[in-house]
Amino acid sequence: MSTTKPYKETLNLPVTRFDMKANLTVREPERQAKWREMDLYTKIRENRAGKTRRVLHDGPPYANGDIHMGHVLNKVLKDMVVRYLTLAGYDSPYVPGWDCHGLPIEHKVAKDLGSKIAGMDASEIRERCRVEALKWVDIQRKQFLRLGISGDWFNPYLTLDPRYESSIMDVLADLVAGGYVFRQLKPIHWDIHDRTALAEAELEYQDVTSPSVFVAFPIVAGVPTSFGPGEWSALIWTTTPWTLPANVAIAANEHLDYAGIRYTDPKTGATHQVILAADLAAKVMGLGGVSEYQEVARCKGRDLAGARYRHVFIDRESPIVMAQYVSAEDGTGLVHTAPGHGAEDYQTGQKYGLPTLSPVDDAGRFTDEAPAELVGKGVFQANPLVVEMVRSRGALFHEMPLHHSYPHGWRSKKPVIFRATHQWFISVEHNDLRKNTLAAIDQVTWLPSWGRSRIDAMVGNRPDWCISRQRNWGVPIPVLFNDQTGDHHLTAESVRFYRDLFRREGADAWFKKTAAELVPPDLNATRFPVESLRKGTDILDVWFESGSSHRAVLAQNFDLGYPAFMYLEGSDQHRGWFQSSILTAVGTTGRAPFETVLTHGFIVDEQGKKMAKTGGNAVSALKMTEQYGADVLRLYVASLDYADDIRMSERGIKEASESYRKIRNTFRYLLGNLEDYARFDPSTFDVTTLREIDLWALGQLNGVIRDVTASYDAFEFYKVYQRIYQFCAVDLSSFYLDVLKDRLYAELPDGPDRRAAQYVLARLHEVLTILLAPILPHTTDELWEFVPDREGKPASVHLAEWPEPDPRWEDATREARWTAIRSLRDVALTALEGMRKAKEIGSGQEASLEIMVPSDQAAGIDRSRLTTVLMVSEVTIVEADGLTAPIVKASKSPHPKCERCWNLRPTVGQDAEHPTLCDRCVRVIRALSSSPS
RNA sequence: CGGCCCGUAGCUUAACGGAAGAGCCCCCGGCUGAUAACCGGGAGGUGGCGGUUCGACUCCUCCCGGGCCGACCA
């Protein structure tokens with residue numbers, strides 16, 4: 001070997017097969033296929049068998065539609081939790097699930113069928129719903145898999161699975177046994193044209209003109225004494241006169257002012273006295289054409305509490321009650337209350353124990369419970385009749401048409417009504433369910449902590465839970481009726497009978513079999529003769545279904561264990577799944593089904609506005625995955641504090657993509673210098689060859705491990721991201737790795753100096769790869785294949801063990817020393833920048849530094865390696881008194897540049913054989929040429 | 001309208017009531033042996049008006065903007 005060969009050939013420049021270009025769109029699916037081939041999920045399970053269980057129980061997404069960013073956020077967060085727990089040594093199986101029943105699917109199927117649905121029975125419709133749901137399960141599964149979510153994807157839980165349906169019955173049976181389930185009248189939206197119940201989502205609002213009437217109900221008792229003698233009436237306003245027969249109360253707001261008005265009827269000249277909201281008196285009198293009136297007295301709403309009035313055309317006395325929703329916006333501030341015909345009226349009725357009257361049949365005609373004049377009449381036809389009845393009793397203050405928006409059926413396009421029907425409920429008061437649930441809530445860890453007050457308030461205020469729905473696509477409430485007597489049969493024993501039946505045949509059995517075929521063992525044949533037996537047609541609220549998953553998935557069928565370590569969903573689930581789950585769990589097991597509940601915010605757009613589901617400002621999850629790759633999306637999710645709302649934009653994803661490249665490049669650089677480091681063997685490595693800066697770097701890595709682990713333990717992934725990213729950018733890329741270049745490139749390839757550096761690089765690589773594995777499962781697994789071999793290295797990073805800080809590198813004194821060196825470096829860099837600006841130097845190696853250090857700090861500075869660490873030609877230290885901080889003077893180096901290592905050194909030119917090299921390079925070249933290779 | 005929550009540089013985020021810091025982006029420069037890289041430098045901020053305090057991003061009142069859930073539309 002001689003100078004004929006360029007010196008560059010003797011350098012150890014980075015070489016690696018690890019591509020700088022991520023090409024995630026191609027590589028990720030390949031890797032996912034590989035995971036499936038090697039059955040990685042099962043391997044992980046085997047690997048963690050016997051370890052402490054920590055189950056994150058999946059909240060089932062609705063099996064309908066392509067996934068959107070909300071799904072990405074939720075599933076990626078779950079995956080990061082599960083992957084971390086697994087790497088940290090827990091047995092953390094993840095069984096994904098889907099919510100398969102419910103209105104949206106049934107609605108979609110109904111729309112597709114159009115008029116053909118009329119001739120179909122429930123089983124046929126259900127079969128189509130099943131196909132629709134399973135179609136989306138399959139599609140969404142593919143989309144979740146594409147995101148790299150690890151789990152038992154081909155053995156998921158589905159709420160339409162017979163096993164699941166059976167477990168729902170098991171929960172229902174326990175609640176029936178506990179006495180929580182009862183049947184009661186409740187008003188629901190009813191389409192009188194289609195004779196069917198409608199859900200909120202099936203309503204369309206259209207403008208109609210209704211007769212609005214002011215009616216004076218004579219008060220018989222309880223008028224405040226300040227109002228003086230004489231007859232007083234409570235003046236109400238309604239746009240649905242036909243509901244007046246069901247009036248059982250008048251509601252006032254306790255805080256509002258009410259006035260007693262004495263007025264003269266402009267037509268008859270008679271004098272009347274009415275009570276109404278003080279602020280509305282003038283307006284109402286004006287509407288009624290009244291010019292002569294005076295306010296006689298005034299009181300607060302609460303002063304009217306307990307007063308009683310007589311119904312205008314029915315022989316009935318009813319109370320004036322207080323309701324917070326009553327306002328002085330419209331009407332009279334006194335609200336006609338018919339619990340059978342309005343949602344709020346119903347609530348008020350429940351509060352005051354009022355009867356729920358609803359003398360209307362399923363075609364919207366008055367039944368014989370209504371006044372004789374109305375029986376058989378349709379409710380809308382009855383409006384003028386009712387008005388006439390009021391007028392004839394002299395109680396009609398005023399009538400006028402009102403144009404307003406009114407709900408219509410989505411299919412019939414006809415106005416719908418509120419009609420009371422029998423519904424099933426779970427009582428939150430029975431057996432102190434509410435109190436017990438609040439106590440159970442207290443035992444749960446809520447993250448963020450305000451989750452507790454949120455759900456606390458919701459459970460504290462919620463009414464009884466209406467669990468029945470008048471639909472086909474769901475799990476039946478398996479009740480049998482005697483058609484003749486109206487008696488019903490629903491017992492713990494009968495429900496358990498159906499539980500066993502459904503386990504064998506699925507809930508379809510209820511729809512396919514006749515009532516006679518569904519007789520449970522405890523049915524009294526005398527009270528329920530077969531010939532008058534009828535099946536109930538209601539199904540369970542889907543929230544009851546998903547709320548039973550703690551039984552259907554945790555306690556039964558999947559061997560996961562009860563309760564779950566964690567539930568993790570969006571903050572809307574405090575009302576939804578968290579609540580339905582804890583209510584059913586407390587009602588059946590007395591405790592919460594989860595130890596920790598983690599909630600995340602909602603995806604909003606760049607301006608912080610709600611993200612529309614389709615079009616507009618929505619960022620497409622599928623398109624972004626396609627374009628940037630799953631790991632970039634995952635890094636983006638990881639970088640955000642999900643406790644708040646998440647501003648999502650393509651720009652943000654682009655920035656995540658930049659960060660991803662920085663991380664990838666840092667790893668690529670590590671690997672570029674490890675290509676010839678065949679075996680990473682910490683046990684035999686001679687640690688005394690490590691230099692000070694290496695020990696410092698390893699100490700920093702310890703700190704990273706500690707901080708990152710703590711952040712993962714708190715599920716604060718954005719802190720993981722920030723810590724690792726800044727470590728890569730600040731500590732490694734711009735400092736340690738930069739300083740290391742000279743040693744890695746120019747020293748003997750297998751000499752102790754370079755090997756020591758490589759040891760650190762290998763350690764950095766291995767540790768950072770594992771630390772990032774929960775966030776970047778594809779990239780880290782690819783990186784894992786490039787890790788230098790070591791004893792017992794697992795086949796995948798996802799089978800690795802979580803790293804721990806190495807106590808050998810802990811040294812607070814050293815860390816302090818390097819902190820000082822780095823601030824000195826900052827000063828030096830500023831000085832170098834000055835020279836660069838003045839065009840005196842380009843690279844820092846072209847400069848010499850004279851550093852003036854305060855005498856008392858001089859001892860703390862390791863001057864031996866400053867030239868290397870500051871990457872300059874030479875460094876002179878001058879001790880100076882009276883300084884508070886170091887001062888750096890930079891000048892152009894007088895030394896020649898070494899042709900091989902490009903450093904400017906005084907030793908260049910001293911060797912005759914290699915006149916263009918520094919002493920170090922001469923030494924290395926000699927060693928290389930004397931070696932056998 | 002009610003319950004819960006959020007608002008720090010263009011972006012993502014720090015700061016026991018004690019000097020508003022970091023990274024990215026951007027701009028300027030360097031290197032050309034991490035090169036669809038790498039290194040250095042610079043600019044840039046507490047949504048608003050008040051209050052408590054020696055001192056407020058931090059605590060309080062109100063306002064503005066936004067989110068989730070609920071109620072309203074008689």
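**Cavities, helices and cores**

Analyst: The largest cavity has a volume of about 80 Å³, a volume being the space filled by probe spheres set on grid points that are joined across faces, edges and corners. A cavity here is a set of points, on a 1 Å grid over the protein atoms alone, where a 1.4 Å probe fits but cannot get out, and its lining residues have an atom within 4 Å of a point.

User: Before we go on, what kind of model is this, and how are things numbered?

Analyst: It is a predicted model, in which local features need pLDDT of at least 70 and side-chain atom pairs count only at pLDDT 80 or more, while totals for chains, interfaces and linings use all residues. Residues are numbered from 1 along each chain as its sequence is written, chains are lettered from A and ligands numbered from 1 in the order in which they are written, and side-chain values use heavy atoms, with hydrogens and water left out.

User: OK, so which residues line the largest cavity?

Analyst: Its lining is made up of Tyr41, Ile44, Arg45, Val82, Arg83, Thr86, Leu87, Ser92, Ser150 and His798. Helix H2 (40–48) and helix H3 (69–87) are the elements that give two or more residues to it, helices being DSSP runs (H or I, at least four residues) numbered from the N terminus, and H3 gives the most, with 4 residues.

User: And what is the lining like by class?

Analyst: There are 4 nonpolar, 4 polar and 2 charged residues, where Ala, Val, Leu, Ile, Met, Phe, Trp, Tyr, Cys and Pro count as nonpolar, Asp, Glu, Lys and Arg as charged, and the others, Gly among them, as polar.

User: Why is H23 described as largely enclosed?

Analyst: Because 9 of the 10 residues of H23 are buried, this helix is largely enclosed by the rest of the structure; buried means under 20% relative accessible area, exposed over 50% and partly exposed in between (1.4 Å probe, protein chains only). The buried residues of H23 pack against H1, H3, helix H18 (630–638), helix H19 (650–672) and helix H22 (752–772), with contact meaning heavy atoms within 4.5 Å.

User: Changing topic, which residues have the most contacts inside the largest nonpolar core?

Analyst: They are Met69, Tyr736 and Leu768, in a core of 153 residues, a nonpolar core being a set of buried Ala, Val, Leu, Ile, Met, Phe, Trp, Tyr and Cys residues joined through side-chain atoms within 4.5 Å. Helix H21 (residues 717–746) gives the most to this core, with 15 residues. Apart from it lies another core, of 68 residues, including Ala249 and Leu280.

User: Last one: how many disulfides are there?

Analyst: The count comes to 0 disulfides, a disulfide being a pair of cysteine sulfur atoms within 2.5 Å. Cys898 is in none, and the nearest cysteine sulfur, that of Cys901, is 3.6 Å away. Cys898 counts as buried at 0% relative accessibility, and Cys901 is also buried, with a relative accessible area of 13%.

Notes: On a 1 Å grid over the protein atoms alone, a cavity is a set of points where a 1.4 Å probe fits but cannot get out, and a pocket is an open set with protein on both sides within 12 Å along at least five of seven lines; lining residues have an atom within 4 Å of a point.
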